[in-house]
Every structure is written in structure tokens, then in C-alpha cells.
Amino acid sequence: MMAHIELQNVSRAFGKEQERVLAVDGVSLTIEKGEIRCLVGESGCGKSTTGKMIAGLLPPSGGRILFDGKPIDRLNKEEYRAYRHAVQIIHQDPYASLNPVQTVKQIITTPLLRHRKVSGSQQAYRRALELLEIVDLTPAADFLDKYPHQLSGGQRQRVSVARALTVDPKFIVADEAVSMVDVSIRVSLLNMLMRLKNEFDVTFLFITHDLALAKYFAWEGAISVMYLGRVVEDGPTPRVITDPRHPYTQALLAAVPEADPELTHRKRRIALRSADIPSLLNLPPGCTFHPRCPYFVEGECDVSAPPLEAISEGGRVACPVRKDEHVSLLIPS
Ligand SMILES: Nc1ncnc2c1ncn2[C@@H]1O[C@H](COP(=O)(O)OP(=O)(O)OP(=O)(O)O)[C@@H](O)[C@H]1O
Ligand SMILES: [Mg+2]
């Protein structure tokens, strides 16, 4: 089957000369139709940059991105328009992405009218009400005349989702869509997104720095773990969570608190050799995780960048030293 979205060795540089950094460095991944893919990793590892490139908001500096099998830089005008509608991004900060001088009604009806999804303002009004209900902003009529600053973080995020839905998207990049809201409403936002996936047949790229969220949202999907611009491990979520192979994935998982304090207590700590994340301006040679890695092998890990290699249990791991080793993160009681 043809992948819905495919990244082939995609890179993205920022800055010039001495200041030049590779925010995304040779990422290859495929996302199938109907899939939920999570992109996880610490702040600055290149998640948003990857999401923006997939949504067509930022051109790659190297490699290529295919949409339904076609490179997006080779689409004709009509195909490109269809792609830009099909792939929508919900930004990390809904405050910055919603126009502060527009009411909710304007935010939703403007794209409906501009892209001729409705024929006239009466129909636009009705569709706006429908979309607000879909994202659980009810009674919908109460929200139409509100400005973004009159809404809570969670409500703003729902408006962003409703706006993305105006163009009937097939693929949604949700960039930290629930990270800015209170824990108490996170679950209901996540459930709303999950419902969209099922009812509207939307494929999701869910970006988060929080592995616990990835586990909740994408248990039936897959996780890709990024470190300093590269994917270091990916695979079906249950495999990545229960049988992580890359030492970086293990360290991330070890840091996730469990709901059950007894389990948290029994969790193995992964002692990193260093807590510092290297600067993109001065990356270590070889595997960029090696200065922090407890399994560092001198003369190997610091020499060449490890390739992402398939493992038989599912997915890929960029660590020839540890890719076949199981580590239980729970200390037996
Ligand atoms: N427009 C830009 N100009 C210069 N550097 C940038 C730009 N956008 C991102 N970067 C740099 O690229 C790197 C990756 O940024 P990115 O926003 O993709 O990370 P992220 O994984 O989304 O982080 P976070 O979890 O904090 O959102 C960072 O070092 C960032 O400073
Ligand atoms: Mg980001």
C-alpha cells in the first residue's frame, strides 16, 4: 500500500555559517492512512520543524516528502492546493495561531467561505455551529461572538481544531495540542481528537514531549522517538513502551511516573552519564547520544552515526550495541 505521508531522508537547516544548525537530520518515516503516529522527544529535538514540513509550511533543506505517493515539490497547482487542505496543523500555542481581533465566528466562517465549502453566509453560520459542536464547544451559539482572549486554553485549542476541520482534512498534525492545557481537561481534549480520528477517518501525527500522552493517545498506533533531529527508535506503541531498545527511549520511559505509586517505586532508574543535552551547534561525533549513554562503547559509538535498523519485534532502532537487548524497566518485587 502507498503511504499517506512519507519522509525520505528529510533534513532542515536553520541559520548561516557558524550559526547553522540541522534541526532535522535525515529523517525517514512513513505514515499509513488511518494510522496514529506519535512523535516524541525532548524540547528542541525537531518535532515541530518536522510537523511544519509535513504540513507544507516549511520546505525541507534536503530529502523529500511524499503525499499519497507524490513528492510535494512536484505537485501541480491543483494537486498542491488539495494537499494543503488535506494536511492541517494544530499549532503548539493556540494563542499565537488564532487571530486575536477575530471572533470565533469569523475564525471559522472565513475559511469556509474562502474555500467555497459553503454557499453563502447563512450556510457558513450553520456549518460553524456544527463544527463547534463536533469539538464539544456547546452550546455552540454561546461561543460564536467570543474573542480568543475570552476563552480558556482548552477552548482555544478546540477552536483551532474546528478551524482545521473547515477544509475537511485527511491528515492532522497535532503539535503539543494538549500540552498547554490543564491536566483536568487534557483527557477530554484527547478523547475529542480520538473521536475525530474514528468518525472522520483522519490520520494523525500527534507531537508531544510527553511519553505518557503518547502511550494514552496512540496505543493502537506507532511511536517515533526523536533525539537531536534524528529518529532513534520507532515501532508499534505497545512494543516501544513495553520493550524499548534504544537507551534514550529507555531513559525517557524511566522518567515517566506511573499512576500507581507502587509501580513508580519499582521503576528502574536509567543512570545517564550526563544530564546535558548537547547543543545543535556543537554535536558530538557518531551517535549524538553517546556522551550521555550508559552503554557507550568507545571506538564504536563515537565514530559513526548508527543507522536505524529493523528489529524482528517491530519497528527500528538506531543502536547496534543495544538493539537486540531486552531491558525490563520494572524491578521485580
Ligand atoms: N525558524 C527557526 N529559526 C532558527 N532556528 C529554529 C527555527 N525553528 C526551530 N529552530 C531550532 O530548531 C531546533 C528544533 O526546533 P523545534 O521547534 O522543531 O523543536 P521541538 O522538538 O518542537 O521543541 P519543543 O518541544 O520545545 O516544541 C531548535 O534548536 C530550534 O531552536
Ligand atoms: Mg515544538
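**Entry 1: helix H4 and its cover**

I looked up what covers the buried residues of helix H4, and the cover includes helix H5 (121–134) and helix H6 (153–165). H4 itself takes in residues 104–114, and its buried residues are Val104, Ile107, Ile108, Thr109 and Leu112. My note on the term: a residue is buried if 20 or more other C-beta atoms lie within 10 Å of its own, exposed if 12 or fewer, and partly exposed in between, with C-beta atoms placed from the backbone. After H4 I found Arg116, which has a positive phi, near 50°.

**Entry 2: what I am looking at**

I noted that this is a predicted model, where local features need pLDDT of at least 70, side-chain atom pairs count only at pLDDT 80 or more, and totals for chains, interfaces and linings use all residues. Residues are numbered from 1 along each chain as its sequence is written, while chains are lettered from A and ligands numbered from 1 in the order in which they are written.

**Entry 3: the whole chain**

I counted eleven helices and twelve strands in the chain; helices (H or I, at least four residues) and strands (E, at least two) are DSSP runs, numbered from the N terminus. Of the 333 residues, 41% count as buried.

**Entry 4: around ligand 1**

Which residues are closest to ligand 1? I found Phe14, Ala23, Ser43, Ser48 and Thr49, in a shell of 15 residues; a residue belongs if its C-beta atom, placed from the backbone, lies within 6 Å of the ligand. Strand S2 (21–31) and helix H1 (47–54) are the elements that give two or more residues to this shell. H1 has the largest share, three residues.

**Entry 5: a sheet**

I traced an open sheet of four strands, in the order S2-S1-S4-S5, with antiparallel pairing. Its edge strands are S2 and S5 (70–71), each pairing on one side only. Two strands pair if DSSP finds at least two bridges between them, and two bridges join S4 (residues 62–67) to S5. In this pair I found Phe67 opposite Lys70 of S5.

Note on methods: Contact = placed C-beta atoms within 7 Å.
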